[in-house]
Amino acid sequence: MASTPALQVHSARLWDSLMALAQIGATDKGGVRRLALTELDRQARDLVCGWFREAGLKLRVDQIGNVFARREGSNPKLAAVATGSHIDTQPSGGKFDGNYGVLAGLEVVRSLNDAGLVTKRPIEVCIWTNEEGSRFTPVMMGSGVWAGAFSLEHAQQARDSAGMTVLEALRQIAYEGSVPCGPSTEHPSFHAYFEAHIEQGPVLEDANLPIGEVIGALGQRWFDVRIHGMDAHAGPTPMHLRKDAMLAAAAMVQEVNTIALSHSPYGRGTVGSLRVEPNSRNVIPGYVQCSVDFRHPELEGLIDMEARLRRFAEQLAAQNRVDIDIEKVTEFAPCKFSNSCLDAIRQSIKTFGLSSMPIVSGAGHDAVYVARQSPSAMIFIPCKDGISHNEIEDALPEHIEAGANVLLGAMVEMAQQ
Ligand code: HGY
Ligand code: MN
Ligand code: MN
């Protein structure tokens, strides 16, 4: 095994920071509920920004609320090497999804400070706004605006189910920054971007490996499907004369599954949310809205999945005498990460004497959008039973440490170039 490198992270300090952050929005089952741009998100941002300042970092906030914490290099004119992730969570999320990537980045800075090492290039740690896309779509919102995937105005006008806009929510938590979104002359795109994240699937744990070299991510297409039928009495209305939106929705859920299975093994299809109106047991539902989340490693696969969904909806509408409207709310192509960043990750894996495998991310991450502007790659660690987006999400301290060490090594290598 390679000798233990002089420069490595402080495992207990990183774990303690993760557990302290997890207190904000902690749920009874040991998870975290900290939706984007809520009061809890504000508290978490304030806590982490306080840690950034204690570590000597200079902060700036852009117009969509992305936070950039900067450690100056010996040559401030050089483009920074960056890392980061998100601290907003799913409604029934876990302690590690996103939070790990931000705090592993902070731990890299803390370890460089301990070692008194000033890198040539500046180092930045980012908190990207609303990665989860649960309260507000599109998903990966802050990094998407920064990378130019969609406009600031499009993001600011997104509304949650209560009708509040992103702009109103940003102002309510006082995180609407003044820095224009995106790379600029003052803050050019990064020399390299790395993101540490739990795998959120079972592959690494099943292979008994501590590190995944993330070579890319599945493309995604998200839809809102609105089915308009007719509210009617569940008793006097004969079956063949109904305009039953729920019946049509049930067929739609089944078809999403069929379409995904026809793209095995990497195609994915999920209906995660369903809204029924008037949602009364003795009324035939006149309106049902459901979400559709398609994922695929090839663009052609996503195109086929969408086309089949739309064709099926047309036939379904005619058969059930309902109207069906399909709105695409998010899309991004499959992403391949940078070889130069992957080489730095592999070198760091070797330095720390760790074992690893290449892996494609089934989940979307901010790195997918950042990769449009800067060479980027990700480092995965296993999570218990491959479970995530669930309050029982868990990870082992030794994997948390291993991933942060690989991140440290890769960032230092790129920051000395
Ligand atoms: O949905 C995703 O892939 C990510 O967790 N937001
Ligand atoms: Mn995440
Ligand atoms: Mn997530």
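The model is predicted. Two manganese ions, ligand 2 and ligand 3, lie 3.5 Å apart and are bridged by aspartate 97. Ligand 1 has Glu132 and His389 among its surrounding residues, and both of these residues also coordinate the manganese ion (ligand 3).

**Manganese ion (ligand 2)**

- The protein donors of this ion are His86 (NE2), Asp97 (OD) and His197 (NE2), at distances of 2.1 to 2.3 Å.
- Along the chain, the donor residues of the manganese ion (ligand 2) follow the spacing H-x10-D-x99-H.
- Histidine 86 and aspartate 97 each lie in the loop between β3 and α3, so the pair ties together parts that are eleven residues apart in sequence.
- Histidine 86 and aspartate 97 are both buried.

**Manganese ion (ligand 3)**

- The donors of the manganese ion (ligand 3) are spaced D-x34-E-x256-H in sequence.
- Aspartate 97 is in the loop between β3 (81-85) and α3 (99-115), while glutamate 132 is in the loop between β4 (123-127) and α4 (141-147), so this pair ties together parts that are 35 residues apart in sequence.
- Glutamate 132, like aspartate 97, is buried.

**Surroundings of ligand 1**

- The residues around ligand 1 are Glu131, Glu132, Val139, Gln220, Trp222, Arg295, Ala363, Gly364 and His389.
- Arginine 295 places a polar side-chain atom 2.7 Å from an oxygen atom of ligand 1.
- The side chain of histidine 389 has an N or O atom 3.2 Å from an oxygen atom of ligand 1.
- For glutamate 132, an N or O atom of the side chain is 3.4 Å from a nitrogen atom of ligand 1.
- Ligand 1 taken alone exposes 210 Å², and the protein buries 95% of that area.

**Nonpolar cores**

- The largest nonpolar core has 97 residues, of which Phe52, Tyr100, Phe190, Phe194 and Ile345 touch the most other members.
- Helix α12 (residues 397-415) supplies the largest share of this core, with eleven residues.
- When residues up to four places away in sequence are set aside, isoleucine 345 touches Phe194, Ala377, Met378, Ile379, Val406 and Ala410.
- Another core, of 25 residues, lies apart from the largest one and includes Phe223, Val225, Phe312 and Leu316.

**Histidine 296**

- Histidine 296 belongs to strand β12 (residues 287-296).
- Because its relative accessible area is 6%, histidine 296 is classed as buried, the cut-off being under 20%.
- The side chains of histidine 296 and histidine 263 form a polar contact of 3.1 Å.
- Neighbours within four places in sequence aside, histidine 296 is in contact with Leu218, Gly219, His263, Tyr266, Gly267, Gly301, Leu302, Met305 and Pro334.

**Cis peptide bonds**

- Most peptide bonds are trans.
- Serine 264 and proline 265 are joined by a cis peptide bond, with omega about 0°.
- Proline 265 is located in the loop between α8 (245-261) and β9 (268-270).
- A cis peptide bond also links glutamate 277 to proline 278, with omega about 5°.
- Proline 278 is placed in the loop between β10 (274-277) and β11 (283-284).

**Positive phi angles**

- Most residues other than glycine have a negative phi.
- Alanine 174, although not a glycine, has a positive phi of about 60°.
- Alanine 174 sits in the loop between α6 (166-172) and β5 (192-198).
- With a relative accessible area of 64%, alanine 174 is exposed.
- Asparagine 279, also a residue other than glycine, has a positive phi near 60°.
- The loop between β10 and β11 contains asparagine 279.
- Asparagine 279 counts as exposed, at 61% relative accessibility.

Technical notes:
Residues numbered from 1 in each chain as written. Chains lettered and ligands numbered in written order. Predicted model: local features only at pLDDT ≥ 70, side-chain atom pairs only at ≥ 80, totals over all residues. Heavy atoms only, no water. Donors = N, O, S within 2.8 Å, 3.2 Å for Na, K, Ca; no water. Helix = DSSP H or I, 4+ residues; strand = E, 2+ residues; numbered from the N terminus. Buried < 20%, exposed > 50% of the residue type's maximum accessible area, 1.4 Å probe, protein only. Core = buried A, V, L, I, M, F, W, Y, C linked by side-chain atoms within 4.5 Å. Contact = heavy atoms within 4.5 Å. Near = heavy atom within 4 Å. Polar contact = N/O pair within 3.5 Å; in protein donor to acceptor, adjacent residues only side chain to side chain. Areas by Shrake-Rupley, 256 points an atom, 1.4 Å probe, with all protein chains shown as cover.
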